[in-house]
2 protein chains.
Amino acid sequence: MTNLDSSYLAELDTPAAVIDVSRMHRNIERMQRCVDGFGVRFRPHVKTSKCTPVVRAQLAAGGRGITVSTLKEAAQFHADGIDDILYAVGIVPTKLPQVWALRRRGCDLKVITDSVASASAIAEFGRAQGEAFEVWIEIDTDGHRSGIEPESGALLEVARMLRDGGARLGGVMTHAGSSYDLDTPGELAAMAEQERAGCVLAAERLRADGLPCPVVSVGSTPTALSAGCLDRVTEVRAGVYVFFDLVMHNIGVCTLDDIALSVLTTVIGHQVDKGWAIVDAGWMAMSRDRGTEKQKRDFGYGQVCSVDGTPLLGYALRGANQEHGIVWREGERDADIVARFPLGSRLRILPNHACATGAQFPEYHALDGHGLTRWSRLHGW
Amino acid sequence: MTNLDSSYLAELDTPAAVIDVSRMHRNIERMQRCVDGFGVRFRPHVKTSKCTPVVRAQLAAGGRGITVSTLKEAAQFHADGIDDILYAVGIVPTKLPQVWALRRRGCDLKVITDSVASASAIAEFGRAQGEAFEVWIEIDTDGHRSGIEPESGALLEVARMLRDGGARLGGVMTHAGSSYDLDTPGELAAMAEQERAGCVLAAERLRADGLPCPVVSVGSTPTALSAGCLDRVTEVRAGVYVFFDLVMHNIGVCTLDDIALSVLTTVIGHQVDKGWAIVDAGWMAMSRDRGTEKQKRDFGYGQVCSVDGTPLLGYALRGANQEHGIVWREGERDADIVARFPLGSRLRILPNHACATGAQFPEYHALDGHGLTRWSRLHGW
């Protein structure tokens with residue numbers, strides 16, 4: 001439960017994405033302290049919020065540079081005054097002109113690669129334009145997506161291709177996204193160590209070959225908060241921690257009271273015989289993300305809270321159409337559903353996945369001790 | 001496969017939402033002819049596209065008025081010159097001032113209700129403002145969401161409340177959304193008849209009680225295309241038919257070659273040992289909708305097509321992170337994945353659910369015989 005005055009929420013059109021600013025600052029401080037404790041730099045991933053005031057708060061707390069998931073984020077946040085930006089999706093030749101244009105405008109934009117073909121294209125484009133792109137090599141430490149395995153011969157091949165082609169070898173980076181499938185402290189700590197050890201191994205293999213590797217960058221919210229050791233790592237990245245969500249709750253790295261993003265909704269009807277309340281937050285508001293479906297606790301499309309943010313345990317948004325959500329209680333039908341959630345009353349729904357839910361809204365409503373402020377966010381590419 | 005020139009797609013930034021305009025027109029004509037064949041009006045639901053040129057094409061083909069899922073759609077399309085609008089989500093008191101403002105600007109905006117509490121609030125607000133709101137009563141013909149059962153006593157109670165309170169009783173409407181769970185012509189025809197019969201019964205009960213009920217409105221894409229009889233129905237509504245999608249394909253009301261919306265994506269990497277191609281369409285582009293997961297054929301996050309729109313059967317976007325999609329072949333690992341889908345090559349992905357995928361993009365790129373045009377779409381509420 002927040003101690004903020006939720007009466008400000010009475011006037012908002014619904015559905016609306018509400019940020020509890022005090023929770024957000026608490027989450028930012030927690031992650032920053034955690035990473036600071038290892039003496040390592042922290043580079044927040046802005047793909048969760050895509051929102052300038054949120055990112056400013058992350059940098060004010062000690063974040064050094066940002067990670068982005070799209071070049072649109074890079075352009076926007078560079079226009080906001082941020083220079084040190086990592087674009088953490090494998091670069092392809094067709095996107096190099098955009099990267100180059102940003103670098104020429106003074107953005108210290110770094111790209112990543114995990115293949116000889118891509119490294120070759122970067123080198124070739126760089127030579128043609130007279131631009132030494134800074135490139136980090138993506139390392140695969142958990143098999144969940146992209147990257148080169150730390151022991152692979154391709155690692156040295158890619159690095160030499162970049163160096164010989166005139167690119168600047170900035171370092172190695174990895175993301176242990178399979179940490180999202182875990183839910184015990186022991187498993188998470190082991191995955192954090194696997195992520196660290198794999199990325200460090202890759203860096204050491206490069207250095208042993210006489211190749212530069214100043215940066216060793218690891219991270220995901222679950223592993224960042226579970227690491228026991230970050231030796232020889234130089235920076236950590238994480239994103240969703242800024243808001244947290246129900247998936248992170250199930251993984252075990254936050255409580256319901258840490259979740260800073262919720263969807264404000266209005267009760268628009270009931271099906272009394274079924275014990276249902278119908279609300280105006282459907283999947284268009286919550287997103288179609290059902291990330292808790294296969295976790296230890298399935299929250300449907302979200303955990304129902306009273307308008308002041310208190311979780312109403314057992315009540316979840318269990319069904320969703322485009323602009324309709326269906327709330328019911330776990331177990332026995334709630335015969336008092338109309339009295340409990342009267343027509344026109346307001347609820348707040350905690351999301352499964354803050355990155356997906358935020359993306360459904362053009363703006364957040366930031367709730368702090370002074371009231372509400374509109375914070376716009378990016379949409380699209 | 002389309003006969004449009006896909007070379008226009010070589011220059012687009014990816015991911016991008018592409019509309020095959022010839023398929024879209026074919027889909028519009030098909031639905032309009034189908035409904036015209038019953039001598040019934042057709043009111044397209046614009047929640048799928050939220051896009052002015054698409055809606056204009058639907059009206060040019062014979063659509064009469066539109067259905068909207070948000071008041072933002074109502075305001076936008078009224079500004080575009082459309083007056084006859086049905087807001088097909090149960091109205092709540094807090095939204096009545098917006099409805100009233102639109103009506104005062106000349107918008108013939110109709111609202112729906114399914115409860116005495118809501119009917120009472122409409123009547124009260126209408127009396128206070130001197131406005132006779134036009135209200136349709138929502139009927140529940142399949143138990144999937146909102147509405148009053150046709151035989152229910154509440155039906156007459158709500159109707160009398162509206163009439164006595166000075167509102168205008170416009171008619172009854174229903175949406176058999178559970179048609180999405182079916183996949184045989186027989187089941188679909190039966191559901192269409194259930195939808196029709198229930199809505200007609202509700203209308204006749206109102207008329208027998210001396211209450212007006214000029215409109216009897218039914219529809220969903222699957223039932224509209226499967227109805228054997230629409231006797232005593234006055235209008236049909238449907239939305240997703242304009243683009244169709246993989247869910248509709250699995251239901252059996254379209255072929256892959258009818259799907260007019262696709263996501264253009266670029267191959268950004270590979271995991272050769274796994275037979276994976278990594279593309280830049282992740283769930284942020286496709287949406288998190290996994291609507292085909294429980295249908296007879298699971299397409300993952302989408303069916304992979306070559307850039308000219310030819311489905312590459314067996315290849316689907318089977319994994320997705322925010323900005324990464326993972327493509328692999330069903331069954332045996334594709335050892336030739338790099339040669340088949342080289343770095344930088346382009347693919348088009350057919351979506352599970354066109355309404356959800358479209359919403360991820362600020363604009364469509366409409367591809368017709370003259371090339372590409374940007375069509376903006378609404379986002380948010």
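View 1. Asp164(B) is exposed, with a relative accessible area of 57% (buried means under 20% relative accessible area, exposed over 50% and partly exposed in between, with a 1.4 Å probe and protein chains only). Its partner in a salt bridge is Arg163(B), and the closest N and O atoms are 3.1 Å apart. The term salt bridge denotes a side-chain nitrogen of Lys or Arg within 4 Å of a carboxyl oxygen of Asp or Glu. Arg163(B) is partly exposed, at a relative accessible area of 36%. The model is predicted: local features need pLDDT of at least 70 and side-chain atom pairs count only at pLDDT 80 or more, whereas totals for chains, interfaces and linings use all residues. Residues are numbered from 1 along each chain as its sequence is written, chains are lettered from A and ligands numbered from 1 in the order in which they are written, and side-chain values use heavy atoms, with hydrogens and water left out.

**View 2. The salt bridge between Glu131(B) and Arg103(B).** These two side chains meet at 2.7 Å, N to O. Glu131(B) lies in the loop between α5 (116–129) and β6 (134–139) of chain B, and Arg103(B) in helix α4 (residues 96–104) of chain B, so the pair ties together parts that are 28 residues apart in sequence. Helices (H or I, at least four residues) and strands (E, at least two) are DSSP runs, numbered from the N terminus. Glu131(B) counts as buried at 18% relative accessibility, and Arg103(B) counts as buried at 13%.

**View 3. Arg290(B) with Glu293(B).** A salt bridge joins Arg290(B) to Glu293(B), with the closest N and O atoms 3.8 Å apart. Arg290(B) is partly exposed, with a relative accessible area of 21%; Glu293(B) is also partly exposed, at 29%.

**View 4. A salt-bridge network in chain A.** Arg41(A), Arg43(A) and Lys110(A) are linked with Asp84(A), Asp108(A) and Glu235(A) in a network of salt bridges. Over all chains, a search of the whole structure finds 42 salt bridges.

View 5. The same surface serves both copies, as 100% of the contact residues of chain A recur in chain B (contact means heavy atoms within 4.5 Å).
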